[in-house]
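Hi everyone, thanks for coming. Have a look at this one with me for a couple of minutes.

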Amino acid sequence: MSTSPKPLPLEGIRVLDFGQFVAIPFCTLWLAQLGAEIISVESSSRLTARGAPPFEEGQEGNRNASGYFNSLYATKKSLTLDLATKEGKRIVHELVAVCDVVVENFATGVIEKLGFGYDVLARINPGIVMISNGAFGRTGPMKDGRGLHSTVNLFSGVADVTGYVDSGPRIMGSVLPDPLSGTYAAFAILAALEHRSHTGLGQYVDVAMYEAMLTLIPEAVIDLTMNGVEPRRVGNRDRQKAPHGIYPAAGEDRWLALSIADDQSWQAFCHSVGRTDLASDSRFANAPARLENVEALDAEVASCTSVHDLYAMVAQLQAAGVMAGPVLRSDELLDNPQLDARGMVVSIDHPVANRHRHLGLPWTMDSLGTRSTRAPLLGEHSREIIIGLLGRTEAEYEQLERDRILT
Amino acid sequence: MPIASERNSSLETHAAQQARGALGALSVVEFGEGTAAAYTAKLLADFGADVVKVERPQGDPTRSRGPFPDGKADPDASGLFLYLNSNKRGVVLDVETGAGAEALDRLLTSADIFVTDVAPSVLRAAGCDPEVLRGRHPRLIVATLSPFGRGGPWSDWMGDELIAYAASGMAYGTPGIPDAADDLYAEPPLHPSCFASETIAGASAAVAVMTAVMGRRRTGEGCHLDLSFQAASAAVQIRDLMPASYGGAIYNRLLNPTSIGRMPNFYLPCQDGYVTIAAPMDIHWNRLAEAMGNPAWALSADFATEPARARNWIELRERLAAWAMGCTRNQLQSIGERYGLMMFPFHSIRQMAASDHARDRASLVDLAVGNRPAQMPGAPFKMAATPWSLRRPAPRFSPEDDAGVAPIGEVA
């Protein structure tokens, strides 16, 4: 656990979290790190994240040892509740009265069927901010469509500009529609809380994952709708810079990213990799010529880079004034000296899953603090929430347990 | 207690606040060149903040990027610039001169938020180092965005959209297939043809800025927020990092069982496009087998169980591709609907834009680029009480033909 002494910006904000998969849990992970109290409502009968790999070695299937859960639910509280029961629903309604925000990413219609639609919750607490997140959103003819990240990628149009030269569409990595829509959900929550601070009123926000992805491709959307220009997949090339791409480095599956916008950088590149012949090659003399001869250019550049050690080459090119960088693998991010120097790599101890590293927030703050504590054990905070927050008695709590409401 | 109880006599009427948008009480100065900072300020502006965009005399480079009507360059008709900068007011300042720096500082005196992604050397010349600004304007929230961030061994590296994206792990993790089932060199790490890492950074910075607005209400103090494109795109890889954090496995772009778990869960070519097919658990697999007419191979010991499908995933991919190639995208989508399977076809931007769903939700909205009608992405989320709105066009750069636009140095 690490807690900095600086004030936590979202301290005092309480969120009732019905999130699952990645999108909403990612959203509330950020809010938790910034100081908000996140009450994750779990049920033993649908432990999707706790059952997902990877697990701590030797603990496969242990619902407190899932790396998937422990990464996404760090710094949150766990309340187990049977939402199908009348008493379970009553507890949710009592929680809504003392919470600021409710978040959910069930399939469309599920939250209303459970009795927790926005209209119901706003009558209990007019200040409540409620966020729904789904593949296609909560309105429109496809609102009932189910979809994971690959579906969203394929519908959003982003796959239309992602792919190798003259090849088929590709989806982006990192289940991006989930965390990207989660980022927008976090912004929407903070915007709605800002609005509430002036009016006292909450509101409902509908986040569609495909619309979040659509924000990545304004150029292609505008060119198509204005000029009728269909997107062309061009691999890693750019329409103004050349060479611009990802080229092999020495070793297995190691790659260099290179982005050269002007002739001076091109000259510096050629000299840095010891290819003065390319520096004087008329096919590559200026940017228009390099774009014209981009096939030959890319082949020459690849033959230069493939014999050099990646990091030594990056250091040398940067020193020579050439925009170059390593293509990092996901496992290298945790060891990355730059992310580590910025305090983004966080180690968290866990009594069941032991110590693991995670990536924290991607920004630093000089006057405000963040925190990272371990993910909760299943139902760890049920007692604290039912008795401490809702004011039920010990006897009432025990009755809820006997009635299997808190499972 | 929830903050809702903070009601006081200065509350506006709900209607007045609605008309201004959720962020109508905030004023922002943006000094951005490119996508990242401009996008942060766009999100704030689109939900109601008063944003003044500062440009240097040479203009934001996005003005020369386009897309332009018929491809003809025009600083006032760059589609990307207009998309990023609608809802903002504009001013041109030579911030590296005394008068320009003074004018910028006057703007900052009454601002809540300053967002920038220009080079540190330019900020320094304008007297706008974050530390200096924090001293001069203690309540100001200062957000700086750059490829690698301020501080740390790589902070002086030159970088852009591609370099930061590559260094964030995103390019490596972009899945290959369907053409190369098991070949890391056939499909190198891939960057999409768009400003992905800058947009992700801009959206993350908008969260950071609003966090600092909340924090300022508690402390009365401003904040310097420093965000890197690399860090923002690394943060969204939370799922791909788990195997590395737990057990040291490497997630790679081959979409194999070690990367993404149960099979099948990948996308494949079909007769007239591409389709994703997810039938990871046996219950799904049995339904998919039925949809395929229960072929003997699907029911054989090589494919009937989860472990078997994981073991034989390359052959599984080939067999499913052979089946999918016999079907159209529409056939596959309706099979998915009928059998309760997650099967979904690739949509080109044109197909998405023309869909009833995108039209019904106004996912795209009208934008005039010069005299040409176009459409751009609309609200990234729908706020019921304080909706996204397009209130004013982006600032013009060639004001001589437009009496309504202020000369250099005055906010239009």
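I'll talk about a few strands in chain B, and then about the cysteines.

Quick housekeeping: this is a predicted model, so local features need pLDDT of at least 70, side-chain atom pairs count only at pLDDT 80 or more, and totals for chains, interfaces and linings use all residues. Residues are numbered from 1 along each chain as its sequence is written, chains are lettered from A and ligands numbered from 1 in the order in which they are written, and side-chain values use heavy atoms, leaving out hydrogens and water.

Okay, strand β2 of chain B, residues 50-55. Helices (H or I, at least four residues) and strands (E, at least two) are DSSP runs, numbered from the N terminus. In β2(B), 5 of the 6 residues are buried, and buried means under 20% relative accessible area, with exposed over 50% and partly exposed in between (1.4 Å probe, protein chains only).

What does β2(B) pair with? On one hand there's β1(B), residues 27-31, running parallel to β2(B) with 4 bridges; strands pair if DSSP finds at least two bridges between them. S27(B), for instance, has D50(B) as its bridge partner. Then there's β3(B), residues 88-92, also parallel, over 5 bridges, where V54(B) partners V91(B).

Now, cysteines. How many disulfides are there over all chains? The search finds 0, a disulfide being a pair of cysteine sulfur atoms within 2.5 Å. Take C27(A): its closest cysteine sulfur, in C99(A), is 14 Å away, so that's too far for a bond. For C223(B), the closest is in C128(B), at 17 Å, again too far.
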